[in-house]
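Please keep the viewer open as you go.

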Amino acid sequence: MTIVHDGVDKWACFHCPGGCGETIKLSLSKNQRPRWTAMSDWLRRPTISPSVRQTNECRCHFWIRQGRIDWCKDSPRR
Ligand SMILES: [Zn+2]
């Protein structure tokens, strides 16, 4: 996962774990809607909240917790 700074805006960028190959870009800026919160633990493993839902044909829905993908029950992937 990469944190991108674009002026005052911050984004978390990573490839969709569902396999569609899309780059997911989550806004971390306080003045953006929707926005996400990214934290890393002491091993620099990211935790993102709330969960991420892809609206493309992939439709995956997951959490990122301590660098791991936790699939939601309504995700077609798991
Ligand atoms: Zn996908």
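## Ground rules

This is a predicted model, so to speak of a local feature a pLDDT of at least 70 is needed, side-chain atom pairs count only at pLDDT 80 or more, and totals for chains, interfaces and linings use all residues. Residues are numbered from 1 along each chain as its sequence is written, and side-chain values use heavy atoms, with hydrogens and water left out.

Strands (E, at least two residues) and helices (H or I, at least four) are DSSP runs, numbered from the N terminus.

An open sheet is formed by four strands in the order 4-5-6-7, with antiparallel pairing. Its edge strands are strand 4 (37–40) and strand 7 (68–71), each of which pairs on one side only. From one strand to the next, the twist averages 25°; axes are lines fitted to C-alpha atoms (for helices over the stretch in contact), and angles run from 0 to 180 degrees between N-to-C directions.

Two strands count as paired if DSSP finds at least two bridges between them. Strand 6 and strand 7 pair in the antiparallel sense over four bridges, and phenylalanine 62 stands opposite tryptophan 71 in strand 7.

## The core around phenylalanine 62

In soluble globular proteins, nonpolar side chains tend to be buried together. The largest nonpolar core of this model has 14 residues, and those with the most contacts inside it are Ile24, Leu26 and Phe62. Such a core is a set of buried Ala, Val, Leu, Ile, Met, Phe, Trp, Tyr and Cys residues joined through side-chain atoms within 4.5 Å. Strand 2, strand 3, strand 5 and strand 6 each supply at least two residues of this core.

Which residues does phenylalanine 62 touch? Leaving out residues up to four places away in sequence, its contacts include Phe14, Pro17, Ile24, Val52, Ile69, Trp71 and Cys72. Contact means heavy atoms within 4.5 Å.

## A cysteine without a disulfide

A search of the whole structure finds zero disulfides, a disulfide being a pair of cysteine sulfur atoms within 2.5 Å. Cysteine 72 is in none; the nearest cysteine sulfur, that of cysteine 60, is 9.9 Å away. Cysteine 72 counts as buried, at 12% relative accessibility.

## Backbone details

Most residues other than glycine have a negative phi, and most peptide bonds are trans. Where are the cis bonds described here? One runs from arginine 33 to proline 34, with omega near -5°, and another joins serine 49 and proline 50, with omega about 0°. Proline 34 is in the loop between strand 3 and strand 4, whereas proline 50 is in strand 5.

Positive phi values occur at arginine 44, near 60°, and at arginine 59, near 55°. Arginine 44 belongs to the loop between strand 4 and strand 5 and is exposed, with a relative accessible area of 72%. Arginine 59 belongs to the loop between strand 5 and strand 6 and counts as exposed at 53%.

## The loop between strand 3 and strand 4

Lysine 30 lies in this loop and is exposed, with a relative accessible area of 69%. From C-alpha to C-alpha, arginine 35 and serine 49 are 9.0 Å apart in space and 14 residues apart in sequence.

Technical notes. Buried means under 20% relative accessible area, exposed over 50%, partly exposed in between (1.4 Å probe, protein chains only).
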